[in-house]
Amino acid sequence: MLQQFIYPADMERDEAGYFLVTFPDFPEAGTDGETLEEALAEAADCLAEAVAGRIARTENIPKASRKQKDQYAIAIPAHIAAKAALYLAMKETGVDKSDLARRLGCDVKKVRHLLDPKQPSEIQRIEEALAAIGQELVVGVQTSTAV
């Protein structure tokens, strides 16, 4: 199953003229911006933080709901998406950090590092980790909503 990390966002203007952004799939996430462009940029950062928080708390990362015509599609940054994909693949296959470390022939600290959205990781290491549990990372490109 292909897991994509592009989520719908609702946008409305408040009484001060700011653009308020909320995410139906992440009720804990919300941000704003003075301009539409600023709000969209903040939305991507806010969404990345929401996903990172879910990983840190070992909570579920929801599958994206269908975008409605009045919503914006917000993608999380690629490095967070790759870590989220690994996190979800581990949950789905029942592979824990220690088991993955054994499969990769490394210390469990390196696996924790791979899963930590705050830590940089080489994409090749995430691909190796996914391959070790029978998964692969697929990359795509689309027109930006910020254009």
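# Notebook: helix packing, sheet and core

Entry 1. I worked from a predicted model, in which local features need pLDDT of at least 70 and side-chain atom pairs count only at pLDDT 80 or more, while totals for chains, interfaces and linings use all residues. Residues are numbered from 1 along each chain as its sequence is written, and side-chain values use heavy atoms, with hydrogens and water left out.

I took helices (H or I, at least four residues) and strands (E, at least two) as DSSP runs, numbered from the N terminus. I used "buried" for under 20% relative accessible area, "exposed" for over 50% and "partly exposed" for in between, with a 1.4 Å probe and protein chains only. Contact means heavy atoms within 4.5 Å.

Which residues of α5 are buried? Helix α5 covers residues 123-132, and I listed Ile 126, Ala 129 and Leu 130 as its buried residues. Viewed down the axis of α5, they fall within an arc of 100°, so they line one face of the helix. The arc is that of the directions from the helix axis to the C-beta atoms. An α-helix has 3.6 residues a turn, so residues three or four places apart point the same way. Just after α5, I noted a positive phi of about 75° at Gly 134.

**Entry 2. α3 against α4.** I looked up how these two helices cross. Their axes come within 8 Å, with a crossing angle of roughly 110°. Therefore α3 is roughly perpendicular to α4. The axes are lines fitted to C-alpha atoms, for helices over the stretch in contact, and angles run from 0 to 180 degrees between N-to-C directions. Under 35 degrees counts as roughly parallel, over 145 as roughly antiparallel, 65 to 115 as roughly perpendicular and the rest as oblique. On the α3 side I found Lys 97, Ser 98, Leu 100, Ala 101 and Leu 104, which meet Val 108, Val 111, Arg 112, Leu 114 and Leu 115 of α4.

**Entry 3. The sheet.** I counted five helices and four strands in the chain, in the order β-β-β-α-β-α-α-α-α from the N terminus. The four strands form an open sheet, ordered β3-β2-β1-β4, with antiparallel pairing. Because β3 (26-33) and β4 (72-75) stand at the edges with a single partner strand each, one side of each is left without a neighbour in the sheet. On average, and ignoring direction, neighbouring strands of this sheet are turned by 35° against each other. Two strands pair if DSSP finds at least two bridges between them.

I then went through the hairpins. β1 and β2 are antiparallel and joined by four bridges, and Asp 10 has Thr 22 in β2 as its bridge partner. Five residues lie between these strands in the hairpin, and Gly 17 in the turn has a positive phi of about 95°. Between β2 (residues 19-23) and β3 there are five bridges, again antiparallel. This hairpin has two residues between its strands. Phe 19 has Gly 33 in β3 as its bridge partner, and Leu 20 stands opposite Asp 32 in β3.

**Entry 4. The core.** A nonpolar core here is a set of buried Ala, Val, Leu, Ile, Met, Phe, Trp, Tyr and Cys residues joined through side-chain atoms within 4.5 Å. The largest one has 42 residues, and those touching the most other members are Phe 5, Phe 23, Phe 26, Val 51, Ile 61, Leu 86 and Leu 100. I noted β1, β2, β3, α1, α2, α3, α4 and α5 as the elements giving it two or more residues. The largest share, 10 residues, comes from α2. I checked Val 51 next: leaving out residues up to four places away in sequence, Val 51 touches Phe 26, Ile 61, Ile 76, Ile 80 and Ala 84.

**Entry 5. Asn 60.** I placed Asn 60 in the loop between α1 and β4. Its relative accessibility is 46%, so Asn 60 counts as partly exposed. Apart from neighbours within four places in sequence, Asn 60 is in contact with Arg 54 and Lys 91.
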